[in-house]
Amino acid sequence: FTPQGARYIVRDSETHSTFRVGDMEYRILKQFEETTNVEEVGYRFRVQQGVELPYENLLAFTQKAIKLNLLEPESDSLWSRISPAKSVTFRARLFDPNPIIDSVIAKTRFLYNNYGLLLAAAILVSTAWLVVRSFDQIWVFRSLEFPLRYVPAAMAIYLLTLGHEMGHGLAARWFGFEVAEVGFHLYYFVPSFYCKVFRRPGASRRAVITV
């Protein structure tokens, strides 16, 4: 890439093809120097540079760059095709979870060892044992009746899933992933919370599975 005034020249050393692109196109192409995706590039421009790039325009430009051999899609292996499913309709950002996550990591860092892992395993086993032991009492669908007193309890459990999403963000930050937001969406028409995480380039499978 060589700057020429307000435009840049892109030269393909193999085919000797030459392309002239504008400043914004050049900045977009530079984002693909490492393996990433269109959604992540749009997020970086929005957050880091305050520039809103319409997803459809960014996708169309990226596809054209691939056809011109300026960009190369990653391999079509089974692992590379694993990606989050898309919600089909409404999505709303609720808050930035990073300040909370950073505070939790700083205060609980002493637990990130084998003893902390044993403690977590003990909590999970104890919880599973309580669920199995009380299953007949907590299984409300054994009849068609649904007492009204269960409604606030169900709402409380539903809100607690925010903690579940923060757990994804906590693991993601620990492995150096970028955590964008926590929000609410209709996930295939089912209302639920989500934590938006961008995978760190070169992340191991172990890190991805943990998150």
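1. Two strands count as paired if DSSP finds at least two bridges between them. Helices (H or I, at least four residues) and strands (E, at least two) are DSSP runs, numbered from the N terminus. With that in hand, look at Arg-91, which stands opposite His-185 in S5. Keep in mind that this is a predicted model, where local features need pLDDT of at least 70, side-chain atom pairs count only at pLDDT 80 or more, and totals for chains, interfaces and linings use all residues. Residues are numbered from 1 along each chain as its sequence is written, and side-chain values use heavy atoms, with hydrogens and water left out.

2. Now for the sheet around that pair. Three strands form an open sheet in the order S4-S5-S6, and the pairing is antiparallel. Strand S4 (91-95) and strand S6 (190-198) are the edge strands, each pairing on one side only. From one strand to the next, the twist averages 35°. (Angles run from 0 to 180 degrees between N-to-C directions, and axes are lines fitted to C-alpha atoms, for helices over the stretch in contact.)

3. How many bridges join S4 to strand S5? Four, with S5 covering residues 178-187 and the two strands running antiparallel. Arg-93 also has a bridge partner in S5, namely Gly-183.

4. Glu-178 has Phe-198 as its bridge partner in S6, and Val-179 stands opposite Val-197 in S6. The hairpin of S5 and S6 has two residues between the strands, and there Tyr-188 takes a positive phi near 50°.

5. Contact here means heavy atoms within 4.5 Å.

6. Next, a pair of helices. The axes of helix H1 (residues 23-31) and helix H3 (residues 55-67) come within 11 Å and cross at roughly 75°. That makes H1 roughly perpendicular to H3, a label that covers 65 to 115 degrees (under 35 is roughly parallel, over 145 roughly antiparallel, and the rest oblique). Glu-25, Ile-28 and Leu-29 in H1 meet Leu-58, Phe-61 and Ala-65 in H3. By class, the residues of this contact of H1 with H3 are five nonpolar, no polar and one charged. (Ala, Val, Leu, Ile, Met, Phe, Trp, Tyr, Cys and Pro count as nonpolar, Asp, Glu, Lys and Arg as charged, and the others, Gly among them, as polar.)

7. There is another hairpin to check. Strand S2 (residues 7-11) and strand S3 (residues 18-22) pair in the antiparallel sense over five bridges. Arg-7 stands opposite Gly-22 in S3. Six residues lie between the strands in the hairpin of S2 and S3, where His-16 takes a positive phi near 65°.
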